[in-house]
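Colleague: I am new to this structure. Please take a close look at one part for me, the aromatic rings and what surrounds them.

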Amino acid sequence: MIVGVIIGEFAPSIQQAFDTVRFHDVSVPIAIGLIVMMWPILTKVQYETLPRIFSSSKIWTHMGISLFLNWIIGPLMMLGLAWATLPDLPTYRTGVILVGLARCIAMVMIWNELARGNADYCAILVVINSILQIILYSPYALLFINKIGGQHRADIHVSYGNVAISVLIYLGIPLVAGVVTRYSVWYLFGKNFLDAHFIPLFSPLALIGLLYTILVMFAYQGHHILHNLGPVFRVFVPMILYFLIMWTSAFAFIFYLTRRQKGRTEMFGYQMAVVQAFTAGSNNFELAIAVAIAVYGVSSDQALAATIGPLVEVPVLLTLTWVALLLGRSLVWTKRKGNTQV
């Protein structure tokens, strides 16, 4: 991010160079980075486990909880925080709302792995959120920005067609690529090669794509950031509050259900608290950035606000990963009988 800002400030011609070739109103270098960033993550998802997981009543319970937190509470929470903290900055507020509508599908798997959550259930929630984002992100954008958000300026309104195409490109392409890649490698070389060799070698491509995209994005926005430090720091506020409130609420809710069910860790427990907390408390800033660029332009305030997403989300959720591990050890998650946990 720092290198990108320096490049953007002292080499302003970089934006013109990147804009030479465009794909659906987005610079091709950025489009490539956004797609590559999500491709390996969606290749790692164990789609073959879905039938087994769906046969359990546990998944339907957690699907209901996750859908409520992600598609009702989350967007409304970000909308309220955006209006409460940015009432005089409508363009930045729109970018923040776009981030709130994009439910996390990539980084949540990384946070879940670091905090030792349930990988299978995390994967299925990621797949469900991926599908729902393709279906719901466009109408949600119109509803929360044009209607509920009360945005009356023509330059802030979003078009269903533009948002829908952006979602299909920047989410649909890596999702299809992930499925095809996973099962092609499995068919050609076997499951053991896929898990033991291909995935470990392929996975770092997501990090490379992330770093590359952030570098290019901040190179685009470097001048804009340095000359709008006030609004940039104000955008930090709703995002930090959002991550903290959503994560804490989801984690506490699952802990409460675990204790209420007398320590039935097979239904709830620490691992599912991690899954629900990070799924609800993080966002797909890649998609929000892509949509903001496609709809408003790469140099817009909306794109800048969406770009602030990873700047805030990464350190906050990394800190919450350590908090989760601490709470996993310090809280009593199972019913005790004498000195023995059962």
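Modeller: One definition comes before the rest. Buried means under 20% relative accessible area, exposed means over 50%, and partly exposed lies in between. Keep in mind that this is a predicted model.

Start with helix 12, which spans residues 229-260. Phenylalanine 233 has 48% relative accessibility, so this residue counts as partly exposed. Phenylalanine 236 has 18%, so this one counts as buried.

By the ring-pairing rule, the count is 14 aromatic pairs. Phenylalanine 233 and phenylalanine 236 make an edge-to-face pair. Their centres are 5.2 Å apart, with 70 degrees between the planes.

Tyrosine 270 and tryptophan 333 also pair edge-to-face, at 5.7 Å centre to centre and 75 degrees between the planes. This pair links distant parts of the chain, 63 residues apart. Tyrosine 270 belongs to helix 13. Tryptophan 333 lies in the loop between helix 15 and strand 3. Both tyrosine 270 and tryptophan 333 are buried.

Ring pairs also build a cluster: Trp247, Phe251, Phe255, Tyr270, Phe278 and Trp333. Look at Phe251 within it.

Now widen the view to the largest nonpolar core, with 109 residues. Tyr137, Phe251 and Phe278 have the most contacts inside this core. Helix 8 gives the most to the core, with 14 residues.

Definitions and conventions. Residues numbered from 1 in each chain as written. Predicted model: local features only at pLDDT ≥ 70, side-chain atom pairs only at ≥ 80, totals over all residues. Heavy atoms only, no water. Core = buried A, V, L, I, M, F, W, Y, C linked by side-chain atoms within 4.5 Å. Buried < 20%, exposed > 50% of the residue type's maximum accessible area, 1.4 Å probe, protein only. Helix = DSSP H or I, 4+ residues; strand = E, 2+ residues; numbered from the N terminus. Phe/Tyr/Trp six-rings, centres within 6.5 Å; stacked < 30°, edge-to-face > 60°.
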